[in-house]
Amino acid sequence: MGVSGSGKSTVGEKLAARLSWSFEDGDRFHPAGNVAKMSAGHPLTDEDRWPWLQAIADEIDRLCKAGQHAVIACSALKRAYRDVLVHGRNDVRIVFLNGTQQLISDRLARRKGHFMPAGLLDSQFKTLEPPDSSENPVTVSIDASIDAIVDDIVRQLGLDPADNGAPRRNHA
Ligand SMILES: Nc1ncnc2c1ncn2[C@@H]1O[C@H](COP(=O)(O)OP(=O)(O)OP(=O)(O)O)[C@@H](O)[C@H]1O
Ligand SMILES: [Mg+2]
């Protein structure tokens with residue numbers, strides 16, 4: 001999770017590759033009506049977002065039931081959105097890509113092939129509710145190289161890539 005430009009796609013894909021997990025972009029789960037609305041330049045309301053978030057939650061249930069592991073990129077800026085995604089599961093972890101507006105706006109200015117209207121980042125930061133400790137989040141600073149961010153996440157999750165992403169065993 002994180003605002004636009006925080007690195008969800010870039011870091012998420014690298015993290016999934018490191019763990020040999022699959023990667024999915026949450027945007028792919030938008031119903032056609034939302035895609036049309038966004039293409040026309042209209043902002044989504046929370047009412048528009050619930051079916052989208054529920055579709056991601058359903059995908060999480062499907063993956064878990066099949067015994068699979070995945071990294072899913074989703075901005076999930078509000079606690080209520082994350083509550084739909086996690087829905088009480090203890091095998092879903094939130095990873096928060098944390099960075100300043102200045103750093104992210106510099107990165108967005110350099111991002112190729114991705115138009116970002118001025119003001120959108122501002123509104124993203126206004127909407128952002130950083131996860132609190134009750135969500136047991138992994139919070140990482142994005143003021144680092146992509147590899148260092150991935151290392152940080154893997155370490156905080158206690159996952160060993162050599163073990164195909166299975167939780168690290170304690171060797172007593
Ligand atoms: N740690 C980093 N160091 C340098 N550049 C980075 C880093 N992380 C991401 N970037 C660059 O910042 C830009 C934004 O990253 P990315 O597209 O992954 O963000 P995003 O969170 O997926 O955004 P969106 O919500 O708009 O899809 C990209 O050009 C990416 O290459
Ligand atoms: Mg992205």
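Biologist: Let's start at the ligand: which atom of Gly7 lies 3.1 Å from an oxygen atom of ligand 1?

Modeller: A backbone N or O atom of Gly7 sits at that distance from the ligand oxygen. Please keep in mind that we are looking at a predicted model.

Biologist: How much of the accessible area of ligand 1 does the protein cover?

Modeller: The protein covers 77% of the 640 Å² that ligand 1 has on its own.

Biologist: How many residues surround ligand 1, and which are the closest?

Modeller: There are 15 of them, and the closest are Ser4, Lys8, Thr10, Arg111 and Ala144. Helices H1 and H7 each supply at least two residues of that shell, and H1 gives the most, with three.

Biologist: How do the residues of the shell divide into nonpolar, polar and charged?

Modeller: Five are nonpolar, seven polar and three charged. Lys and Arg belong to the charged class, and Ala to the nonpolar one. Lys8, Arg111 and Ala144, which are among the closest residues, are therefore classed that way.

Biologist: Back to Ser4, then. Which side chain has a polar atom 2.6 Å from the backbone nitrogen of Ser4?

Modeller: That is the side chain of Gln124, a residue in helix H6, which spans residues 120-127. Setting aside neighbours within four places in sequence, Gln124 is in contact with Val3, Ser4 and Leu77.

Biologist: Why does Gln124 count as buried?

Modeller: Its relative accessibility is 16%, and buried means under 20%, so Gln124 falls in the buried class.

Biologist: And Glu24: why is that one called buried?

Modeller: The same cut-off of 20% applies. Glu24 has a relative accessible area of 9%, so it is buried. This residue is found in strand E1. Leaving out residues up to four places away in sequence, Glu24 touches Phe29, Glu59, Leu63, Val71, Ile72 and Ala73.

Biologist: Which residues touch the most other members of the largest nonpolar core?

Modeller: Leu97 and Ile153 do, in a core of 39 residues. The elements giving two or more residues to it are helices H1, H3, H4, H5 and H7 and strands E3 and E4. H7 gives the most, with five. Ile153 is in contact with Val11, Leu15, Val95, Leu97, Val138 and Val140, leaving aside neighbours within four places. As background, nonpolar side chains in soluble globular proteins tend to be buried together.

Biologist: One last topic, the backbone. Which value of phi does Ser20 have?

Modeller: Phi of Ser20 is near 60°, a positive value in a residue other than glycine.

Biologist: Why is Ser20 exposed, and why is Asn136 partly exposed?

Modeller: Exposed means over 50%. Ser20 has 54%, so it is exposed, whereas Asn136, with 46%, is partly exposed. Ser20 lies in the loop between H1 and strand E1, and Asn136 in the loop between H6 and E4.

Key
Residues numbered from 1 in each chain as written. Chains lettered and ligands numbered in written order. Predicted model: local features only at pLDDT ≥ 70, side-chain atom pairs only at ≥ 80, totals over all residues. Heavy atoms only, no water. Helix = DSSP H or I, 4+ residues; strand = E, 2+ residues; numbered from the N terminus. Buried < 20%, exposed > 50% of the residue type's maximum accessible area, 1.4 Å probe, protein only. Polar contact = N/O pair within 3.5 Å; in protein donor to acceptor, adjacent residues only side chain to side chain. Contact = heavy atoms within 4.5 Å. Core = buried A, V, L, I, M, F, W, Y, C linked by side-chain atoms within 4.5 Å. Near = heavy atom within 4 Å. Areas by Shrake-Rupley, 256 points an atom, 1.4 Å probe, with all protein chains shown as cover.
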